[in-house]
Amino acid sequence: VHRARLLTGQLRGLRSSLIPGLGLFNPNIITQSTDKKGATMPETISQFSVEPVEVLVLSILVLYLGMFLNDKIRFLGDNYIPPAVTGGLICSGIVTLIYFVARAQINFDMQVRDVLLLVFFSTVGLSAKLRTLGAGGKALGLLVGVAAVFLVIQDITGIGLAMLLGAHPGYGLLAGSVSFAGGHGTAIAWGAQADAAGLKGASEVGIAFATFGLVAGGLIGGPIAKRLVAKYRLQGPAADTDSTPNNQQAASSADASEDHGSAGELKQILAGVLILALCVQFGHAVNRYLFAEGVVLPGFLTSMLVGILITNAADLLNWRINKVTVDKFGEVALNLFLSMSLMSMQLWTVAGAFGKITFVLIIQMLVMTIFAIYIVFWVMGRDYDAAVIASGFAGLGLGATPVAIANMSSVTSRFGPSP
């Protein structure tokens with residue numbers, strides 16, 4: 001709860017922050033006007049708050065809107081843009097239009113979203129069984145090595161851009177892996193440390209790039225996979241006669257029935273809720289203990305680590321955790337998290353530095369695209385699975401794990417599953 005409130009407060013604080021060097025979020029742009037004599041006069045902006053339950057309802061409607069538009073607009077469907085990105089951008093655009101036209105500011109209470117992030121990473125942890133990771137073998141090791149190399153390249157790029165724009169090199173890390181690959185939680189955790197070290201407004205810079213990274217990662221992942229599939233004439237399991245949607249559905253149903261009942265049974269759902277609640281609660285306890293000891297980690301990381309411990313302990317004790325149920329909770333949490341994150345963007349807060357942010361974002365997107373196509377795809381084997389991995393890698397590098405999963409889900413929903 002403490003982490004959720006901290007994240008919500010800092011996101012709202014974007015509208016009044018002034019970042020030295022980068023010139024981001026100039027408050028004069030949104031809080032002042034000039035009369036006929038040239039004197040500065042304060043503007044009156046109406047404030048409207050959207051409560052947590054209302055945010056949840058709206059996020060679901062936004063997600064449905066994205067699904068509808070992706071089905072109806074061929075460009076969106078063909079490029080595998082996640083529905084949350086489509087609907088979220090439209091909603092944030094409407095909120096921004098309301099701000100400029102009606103002079104009304106809509107503030108979303110993000111407590112539910114922050115809990116959903118913890119739930120999603122808990123499901124990631126619950127899926128990380130050591131025996132499964134061991135089965136990844138050489139491919140997993142290669143991917144980890146490639147990711148480490150890219151993080152260094154991304155940070156070098158960010159530092160170079162910060163220096164080019166006349167800012168302290170430290171801000172370059174926030175325009176690099178801390179915000180893009182790390183996401184909001186990492187940006188806040190390390191932004192606070194940078195603030196304490198003298199980089200004023202570091203948290204706000206990190207949050208800004210993390211937010212726009214969600215958009216960028218969701219926009220380029222699908223097109224990257226589309227280009228690779230078309231250029232190398234790759235085929236997924238959906239192209240095989242034995243892997244038709246009906247057969248896949250039957251196989252999934254069979255797997256679910258073997259795994260101690262289906263995901264729809266009340267007993268399985270309650271067990272899933274309990275396990276996820278334990279991951280979030282114990283993760284928070286571990287996080288508070290580490291913070292007291294001077295170790296700063298994002299809240300989602302400790303929840304994920306608790307999930308890893310629980311799922312592997314269950315394996316040792318021969319206790320079954322229904323994978324289908326956990327995956328469904330993760331899918332719901334992921335899509336609602338992305339929907340809430342994107343629909344709540346206050347685009348007017350970056351009006352004064354939109355050019356600089358866009359410049360940094362375009363360069364990082366270009367670096368990411370080149371790396372995914374010419375390094376990740378080739379290293380991972382130049383097949384269909386490699387194309388899916390490249391798409392997810394683009395989401396991971398710019399929008400953290402949630403966008404990576406969303407990208408891969410969009411691609412596999414079209415061409416079939418990828419191991």
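Start by selecting Q364: it is buried, with a relative accessible area of 0% (buried means under 20% relative accessible area, exposed over 50%, and partly exposed in between, using a 1.4 Å probe and protein chains only). Q364 sits in helix α15, residues 354-379 (helices are DSSP runs of H or I with at least four residues, numbered from the N terminus). Now show what surrounds Q364: leaving out residues up to four places away in sequence, Q364 touches Q154, T157, G158, A175, G176, F180 and L398 (contact means heavy atoms within 4.5 Å).

A word on what you are viewing: this is a predicted model, in which local features need pLDDT of at least 70 and side-chain atom pairs count only at pLDDT 80 or more, while totals for chains, interfaces and linings use all residues. Residues are numbered from 1 along each chain as its sequence is written, and side-chain values use heavy atoms, with hydrogens and water left out.

**Next stop: helix α14**

Select residues 323-343. Helix α14 has 21 residues and spans 30 Å from its first C-alpha to its last, close to the 30 Å expected at 1.5 Å a residue (the expected span is 1.5 Å times one less than the number of residues). Zoom in on the start of α14, where a side-chain oxygen of N322 comes to within 3.1 Å of the backbone nitrogen of V324.

**Into the cores**

Now select V55, F108, L126, L338 and M343: of the 47 residues in the largest nonpolar core, these touch the most other members (a nonpolar core is a set of buried Ala, Val, Leu, Ile, Met, Phe, Trp, Tyr and Cys residues joined through side-chain atoms within 4.5 Å). The largest share of this core, nine residues, comes from α14. Stay with L126 for a moment: beyond its neighbours within four places in sequence, L126 has contacts that include I275, L276, C279 and V326. Another core, of 45 residues, lies apart from the largest one; among its members are Y80, Y171, A194 and A202.

**Charged pairs**

Side chains of opposite charge can pair when their charged atoms come close. How many salt bridges are there? The count comes to six (a salt bridge is a side-chain nitrogen of Lys or Arg within 4 Å of a carboxyl oxygen of Asp or Glu).

- Select R414 and D78: they form a salt bridge, with the closest N and O atoms 3.9 Å apart. R414 lies in helix α16 (residues 384-415) and D78 in helix α4 (residues 74-78), so the pair ties together parts that are 336 residues apart in sequence. R414 is partly exposed at 46% relative accessibility, and D78 is partly exposed at 22%.
- Select D315 and K129: their closest N and O atoms are 3.7 Å apart in a salt bridge. D315 is in helix α13 (residues 299-316) and K129 in the loop between α6 and α7, 186 residues apart.
- Select D114 and R113: their side chains meet in a salt bridge of 3.1 Å, N to O. Are these two residues buried or exposed? Both D114 and R113 are buried.

**Last stop: two backbone angles**

Most residues other than glycine have a negative phi. Select R233, whose phi is near 50°, a positive value. R233 lies in the loop between α10 and α11, and is exposed, with a relative accessible area of 76%. Finish at A400, where phi is near 70°, again a positive value. A400 is in helix α16 and counts as buried at 7% relative accessibility.

Notes. Helices (H or I, at least four residues) and strands (E, at least two) are DSSP runs, numbered from the N terminus. A polar contact is a pair of N or O atoms within 3.5 Å; within protein, one must be able to donate a hydrogen and the other to accept it, and residues adjacent in sequence count only if both atoms are side-chain atoms.
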